[in-house]
Amino acid sequence: MSAIEKPKNNNLGNDTMKKISTLLAATALVSVMSTAAFAKTLVYCSEGSPEGFDPALYTAGTTFDAASRTVYNRLVEFKHGSTELEPGLAESWTVSPDGTEYTFKLRAGTKFQTTEFFTPTRDLNADDVIFSFERQLKADNPWNKYVEGAAYEYADGMGFPTLIKSIDKVDDLTVKFVLNRPEAPFLADLAMDFASILSKEYADKLAADGKMSQMNQMPLGTGPYSFVAYQTDAVIRYKANDTYWAGKQKIDDLVFAITTDAAVRAQKLKAGECHVMPYPNAADVAELKKDENLTVLEGAGLNVSYLAYNTLQAPFDKAEVRKALNQAINKQAIVDAVFQGAASVAKNPIPPTMWSYNDAVQDDAYDPEAAKKALEAAGVKDLKMKIWAMPVSRPYMLNARRAAELMQADLAKVGVTAEIVSYEWAEYLKLSKEKTRDGAVILGWTGDNGDPDNFLDTLLGCDAVGGNNRAQWCNEEFDKLVKAAKKTADQAERTKLYQEAQVVFKREAPWATLDHSVVSIPVSKKVTGFYNDPLGYHRFDGVDIAE
């Protein structure tokens, strides 16, 4: 059985299997915690299960926490707690005067992890970098569809297949990216999770053995922690990478204890069963702050939550209908009920702390009577729709079910009948991308790189339709503005273009913008070196714990 496969063809009932799984998970966790006298162990009560362990295939922060931020590195990295770039696997780089050639000098002597399932025979080189990107860019690459349904939402949605002309090996430790056009956010894009560097040698071995899917189940990289095992929906175990290029971590054993209920996560943290937890219930934060053994890290999130209409489906293909529905939703009530006020109502698709935010944009006012009249004027009567509610807590939306219930009640007041639906998280993300999806989906975004492009083009550009663009919205005027903003390095000109794009967005209303949240992360006072990251990362490199 592979690292993330569930037992198949068993004769036990589902309830029995769940009980056994829970018992095994608890036993494994106790076993790990009991070794603390001999090794430093940190337990992170994560909020959900990863979709897989190949970060290029996914967009969820839960998956990135479990894969790219533990096992892998990128050419360039973000400094802890910052959107500032620093060298990663590339110790230096140069950019041509016209902005179309980026040449990276790789860090000599960088080792891939040695695990029970693979022992590398060589260090990182240019072949690994080329492999890691070309599999995402070229449909005829044998690794492009190595697992069923493989899709590269970030690479495709950001236009990388048309942006990158070639990736050239200058020598073993030098690689050059040649672009078809200047791309202002390109360097920051390479610090994102989808740009993690994999081992071509490991990939070649898996291909030769007919086990290519193992790349997404048993990851191997250059990062601070090596993957040990994953018990589905229960526990992920890692150990410190002894050969990590930046030095062996002080945490010997890192454990992700998957705990989907926020209240249970808080209980485990207070009991000392875990040391870090994300996304507490807003109502629990005050009590957690009172615990003398805990520190609650707080900061304005670089995020937005939204309700994305499927603009390819009637009547949501009409802007006047979408704006009418927006007027029916009391967003302040959502902020008050879900976040206990620890959020602000959103009017733009980017957060107010981000450069180029257009504060002059006027929000759609909460006005049920005006909404009802606008729907009547648009010829919409007895509308029935679905509201998709996320099954997990995210920084931008702590309780999507509660938010959906509030919107359901608001819409009923204007004659719209809304049914709330939900799915398991990985299925939710998959199904919500479909162009034939019905209704409107609650989702959100935490910025990946501090650039407005990461919101405006990644979530709303034409290239992202069928992927991160859950509204399936392709507006030529908007797309032209955000594409033009990529081509200049002049931030003042980029700001002007992005502000114009926000005006178009608000006029066309592919989303109901809901909120920008304050992010709270309760941490044991035994833990040092952990940051509440503006990019929503939960990173454990550089972290220590007092035992």
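In this predicted model, a disulfide (a pair of cysteine sulfur atoms within 2.5 Å) joins Cys462 to Cys474, with an S to S distance of 2.0 Å. The structure holds 1 disulfide. Local features need pLDDT of at least 70 and side-chain atom pairs count only at pLDDT 80 or more, while totals for chains, interfaces and linings use all residues. Residues are numbered from 1 along each chain as its sequence is written, and side-chain values use heavy atoms, with hydrogens and water left out.

**Cysteines**
- The torsion about the S-S bond of Cys462 and Cys474 is about 95°, so the disulfide is right-handed.
- Cys462 and Cys474 both lie in the loop between helix 15 (453-460) and helix 16 (476-486), so the pair ties together parts that are 12 residues apart in sequence; helices here are DSSP runs of H or I with at least four residues, and strands are runs of E with at least two, numbered from the N terminus.
- Cys45 is buried, with a relative accessible area of 0%, and Cys274 is buried at 1%, where buried means under 20% relative accessible area, exposed over 50% and partly exposed in between (1.4 Å probe, protein chains only).

**Sheet**
- An open sheet of 4 strands has the order 1-10-9-8 with mixed pairing, and two strands pair if DSSP finds at least two bridges between them.
- Strand 8 and strand 9 (residues 235-240) pair in the antiparallel sense over 6 bridges, and Gln231 stands opposite Val235 in strand 9.

**Helix contact**
- Asp127, Asp128 and Phe131 in helix 3 meet Lys200, Glu201 and Ala203 in helix 7, contact meaning heavy atoms within 4.5 Å.
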